[in-house]
Amino acid sequence: MTSNADSPHPFIPNTPSERAQMLATIGVDDFDALITDIPEQHRNSSLQLPNAASELEVATRMQALAALNQDAGTRPSFLGAGAYRHFIPSTVGAILQRGEFVTSYTPYQPEAAQGVLQSGFEFQSAVAQIFGMEVANAGMYDGPTAFAEAGLMAARVSRRNRILILDTADKRLFEVAEAYARYQQVEIEAISRESVLNGDVPDDAACIAFQSPNFLGRIEDVQALTDAAHAAGALSVMHTYPTALGMFKSPGEFDVDIATGEGQPLGVPLTFGGAYVGLFTAKQRFIRQLPGRIIGRTSDTLGRTGYTLTLQTREQHIRRERATSNICTSTQLIGLMVAVYCATMGPSGLRKVAELSYHKAHYLANAIDALPGWNVIRESDPPSPSQGQIQRGGPSPDTFFNEFAVECPIAPSDVNRLLAGRGIIGGLDVSDVVPYGILLCVTEMNSRQDIDRLVDALSGIGNGGVA
Amino acid sequence: MSEGVVPNASVADMHDRRLLMDRSVSGRRAIEMPAADVPLAEMPNDDLLRDADDLQLPEMSQLDVIRYFTLLSRLNFSIDTNFYPLGSCTMKYNPKLNDQVASLGGFANIHPLQTDDSVQGALEVMFELQEWLGEATALPGVGLAPLAGAQGEYAGLLIARAALEMRGESHRKVALIPDSAHGTNPASAAMAGMDVVTIKTDEFGNVDVEDLRAKADENACVFMLTIPSTLGLFEPNIIEINNIIHDAGGLVYADGANLNALLGLVKLGDLGVDICHSNLHKTFSTPHGGGGPGAGPVMVTEELASFLPEPVVVKSDGDVPSPARRERARVRAQQYHLTRPDNSIGKINGFHGSFSILVRAYTYMQSLGGDGLRAVSENALINANYIQARLRDRFDLAVDRLCMHETVLSGKRQADRGVPALSIAKRLLDYGIHAPTMYFPLIVPEALMVEPTETESKETLDRFVAVMQAIDDEIDSDPDSVNHAPHTLPNTRLDEATAARRPVLRWQAETD
């Protein structure tokens, strides 16, 4: 220890004399008598780690490490692709300071956990409402795992084993779904929008699963995809960006069966990709097939309202190998952040965030379109593989929310490096999906000034200012 | 519920359990968003847009939002307010420095898809944590991606299957699991497409070695050993057990969800374990958050490291070849990289793991250091054995042996007097102590699993003992009261049967 051996560590109260007293009560002479079951040759293997450090020393070192990172909170950033920089109201951080929430356990003792349970019920209510769906669970690990579990649930519900994912979805969604489904006797396959809309869906499809806005930010024709899924006897599974639902129609309005999303945009900081919360919603009739924790309303022996974990017979601690999922510890606290966010933003705040993001993103897209050498990529540009879509009355294939892909005059990785030199975090290099493509995202956090700075920087690149 | 005026400030609001939507007043706002500073774009087709009144979220003032959630926080037990002797959950103190560090802008505001060179501090945290966890377990291949213990288990099992498949042994599909195991073990094994074969526990609480020997055959993929066991015992035959599995051609998976008993006392890799996971929200003190987020890193032997889930952070020595000379200086400065191991089982979640939890765990490990981590385990053992020693005259022990970090009591004597373990647990709540884990492990009748952790003082343990004795006395003096506990919390016992039979899972406008 940093201090003398008689002083216990600040996190460990037992003093040497208390230790001795307790060992005497236990009836042993020394500590070693407690670990005789450990094979002797491997006992007391010392840890080759630095010694304890004081709070001041640790804080200083961690601040120094934090300072090595380029903080997207203090410079313009145009990165999205599944994690989004949105405004977080002060109420979220304030409630997150409450140790009563932060340091409580999973609410297995409902009488002693009504705070966690009622706030979780608020989370379910808000998520179901935003998604326009009948029920939501208490949260999954993150968006992609929620989407993967939705595919598996569709297979259970439909008793079919082919999970078809529209090829416009983020490849992360495919990869995680594949890892979840690897040994589940289901197939994960990509399918094109054209195949689905032409009715070319195999008759053993469990679901048509798609992302809207899709990986490149475009709004899919949710109604047409859902109708096509239903016509094939399959479920419609939609993965979405919840902020977009502040202005776009909800999955529920299109009769989607299971809808999932990444909860991070609703009040959760970027934190390098986690911890986030997966949003999972479905039609009421599927509730006994849902994965994860669910909180229900009930009453106590005096007839007063209270909340409890419910439908637990689906879960691993009851059903063991026949559970609907192995999920146990999930993301309750991040769900609380979402609940406080939704209560603070209210209907008008959420709509405003969506609209600001939409308008600012379109402002940037229009400005980039005007730059020589730069093109916002449009599906309707010839040659387009999906000409048939517009006639169906759905969205134009180029309708986007707040993300769009741009064709760069030079390699996108070079664009990002040049932007970094000007203090701007650029977009995501998507040249593996579209040649010379960069995916840009704009939210209410990007001021007009930031956007103009980006456009100015790009114009320099377009004019041959590469060097 | 009564809307009457009650002359007790604390009780009055605690019984006002109306939901946000019941408190909502149309037109109120808790936040003002700025006006657009760009020209408005043309809106998409009307048939894509949501009606303004379709989105029914609460409309509250800002104070009412804060007051509502603050009220809810007070309806809760937590480590900051209560002792939680909750077996297998390791409810220890969650140091505040860890939260403070995780909220630093340089950690909280970095995007997971930023280039490696712009997040070197974050990657260093992850790399160092990999190294430290590898050292603590003598399993040097560390993957930080799993978002909780169950995901760590699943990742570990995928690694086992992938490694055996590469050996040409894809027929090995059996997971051998002791009957005392946590429910996630068989659930994860089922997800990994395995057939679960249960192994018996002998009268001393150990794995029944002969049962294991008989069942470990050419189909064995993994043996999932919880260590210490859910009975709070260290498996004395662990080396023999591991040899049996290895001789049968299988791999040993240790559910090291809880390393709190082992730090500096023994390393799992030294014992022949091939794969383990650890819950950072237990041993490494990250807050449980009312049910997550957690993190469940998976640790493996050197031979299995190439199968780890993506990503793993590697450190370069600065000699990364670069085609462009002007880039060389930059590349040299960049030491840490996110990589996909060669035979990776792939991505099991969206990004890089629960980074905010990883930062907390690394901060904690630095505060303790090698010597402090050993002190953690020593005191966790002392505290558990102290409780066991002091309660053994009143309560039966599941197994009459010294324990590791937790002790499993059996409330059999109390049940015979008409009060089941459930009621003892509920009665503890009235004394401000969280219930122990009940009825688990499943093989112990009336189990009460008690894990005090090292962060509790002797006074707290003594009070717990006194309360358990008082409840034991109440069983004779007023069993009815114990059987109807709790009496002093915001709710009495809840009707869970009705909750499941007629599920109400979200706010709905009152129709009556």
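**Reading the cavities**

Mentor: We may begin with the elements around the largest cavity: in chain A, α7 (171–181) and β5 (235–240) each supply at least two residues of its lining. Please bear in mind that this is a predicted model.

Trainee: How many residues line the largest cavity, and which lie nearest its centre?

Mentor: A cavity is a space that a 1.4 Å probe fits but cannot leave. Here the lining of the largest cavity is made of 19 residues, and those nearest the centre are A:Ala81, A:Gly82, A:Tyr84, A:Gln211 and A:His239. The space within the largest cavity is about 220 Å³.

Trainee: What classes of residue form the lining of the largest cavity?

Mentor: Ten of these residues are nonpolar, five are polar and four are charged.

Trainee: How many cavities of 30 Å³ or more does the structure hold?

Mentor: There are 13 cavities of that volume. The second largest cavity has about 100 Å³.

Trainee: Which residues lie nearest the centre of the second largest cavity?

Mentor: They are A:Glu122, A:Ser125, A:Ala126, B:Met21 and B:Pro58, within a lining of 14 residues. Two or more lining residues come from each of α5 (114–131) and α11 (332–369) of chain A, and from α2 (20–23) of chain B.

Trainee: Which element gives the largest share of that lining in the second largest cavity?

Mentor: The largest share belongs to α5(A), with four residues. By class, the lining of the second largest cavity comprises nine nonpolar, three polar and two charged residues.

Definitions and conventions:
Residues numbered from 1 in each chain as written. Chains lettered and ligands numbered in written order. Predicted model: local features only at pLDDT ≥ 70, side-chain atom pairs only at ≥ 80, totals over all residues. Heavy atoms only, no water. 1 Å grid on protein atoms, 1.4 Å probe; cavity = no way out; pocket = protein on both sides within 12 Å on 5 of 7 lines; lining within 4 Å. Points joined across faces, edges and corners; volume = space filled by probe spheres on them. Nonpolar A, V, L, I, M, F, W, Y, C, P; charged D, E, K, R; others polar.
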